[in-house]
Amino acid sequence: MAARRMISNDLNRRYVYEMISKSEVDKRKDQIEILSKENEIVKLRLRRNRTTLLVGALMLVLITLILYILYRQYQLNSEKKVLTLEQAMLRSQMNPHFLFNSLNSIKLYIINNEQKNAVHYLNKFSKLVRKILEASSLKEIPLAEELETVELYMNIENIRFNNEIDFAVEMDPEINPSLVKIPSLILQPFLENAIWHGLSSKEGEKRIRILIRQEDSGYITLVIRDNGIGRAEADKLKQRRVLKRKSVGIDITRERLANFSRDYQYNYTIEIRDLFDADGKSAGTEVILKIPTI
């Protein structure tokens, strides 16, 4: 009887131990499953985070690429516009009327057997053409170079006026023209306009002055002043002419200076004013250019 009880107690103990062991195993399995599920959730989140970062990086690269393409397109358009302006500027400086009239004037010296004058002006003409071609490939040149080109231009144009045009440059002594840089070939269109619209129809004294002043810090002011018939009278004469001479050079110069203002973040300005005498009669025109020297 006692043996049976002992066997029964052993069986009961084993059964309890087995149940406890099984319960612990089940708990561990449950814990392992929970940990496994948590790990899966963490992995899933990591995958989502990686995917989000990858998509974000790709979007950033795509946006950067689009912005770069747009910027390059803007640059190319700007460069194309500048190139077009430079070509137009060169055409305005070397217009057929000027070339034909200059060579025709030199031809008259040859016909009249004035060989010294013919050679003198032919040298000036060839030097002017070379300077214009050289300067047209540059955005900026020293003021001294520009004034030399202007001097040559006025000498040649003055041939047809029998040297009646009194031309001079007046510059503040503190300005060093070799150190000051200005946009290339910027003065000639205004001189051409003054000659053909202001002075060509004027009787008596004909005068053009270029005044160069250091008025504001970091800026110089260039004034092209003539004593011509004025813009109002010039417009009236222009309407009566069969062949109308259009001053495209000034429009090109305005656009060039607008580009300079955008590219260099400095203000290039042009102002054209009518001049009047004490009696209120037209006394000419002046063009005021404000050029930064920084």
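I first read the order of elements along the sequence, which follows the pattern α-α-α-β-α-β-β-α-β-β-α-α-β-β, and this gives seven helices and seven strands. For these I took DSSP runs, with helices as H or I of at least four residues and strands as E of at least two, numbered from the N terminus.

I note that this is a predicted model, in which local features need pLDDT of at least 70 and side-chain atom pairs count only at pLDDT 80 or more, while totals for chains, interfaces and linings use all residues. Residues are numbered from 1 along each chain as its sequence is written, and side-chain values use heavy atoms, with hydrogens and water left out.

Next I looked up burial, where buried means under 20% relative accessible area, exposed over 50% and partly exposed in between, with a 1.4 Å probe and protein chains only. Of the 294 residues, 34% count as buried. The accessible area, from the Shrake-Rupley method with a 1.4 Å probe, is about 19300 Å², and carbon and sulfur atoms supply 56% of it. For contacts (heavy atoms within 4.5 Å), I found that 72% of those with a separation of 6 or more join residues 24 or more positions apart.

I then turned to helix H3, which has 21 residues and reaches 30 Å from its first C-alpha to its last, close to the 30 Å expected; the expected span is 1.5 Å times one less than the number of residues. Its buried residues include Ala118, Tyr121, Phe125, Leu128 and Ile132. Seen down the axis of H3, the buried residues fall within an arc of 165°, so they line one face of the helix; the arc is that of the directions from the helix axis to the C-beta atoms. The face turned away from this buried side carries the exposed residues Gln115 and Lys116.

Tyr109 lies in helix H2 (residues 96–111) and Tyr121 in helix H3 (residues 115–135), so the pair ties together parts that are 12 residues apart in sequence. Both tyrosines, Tyr109 and Tyr121, are buried.
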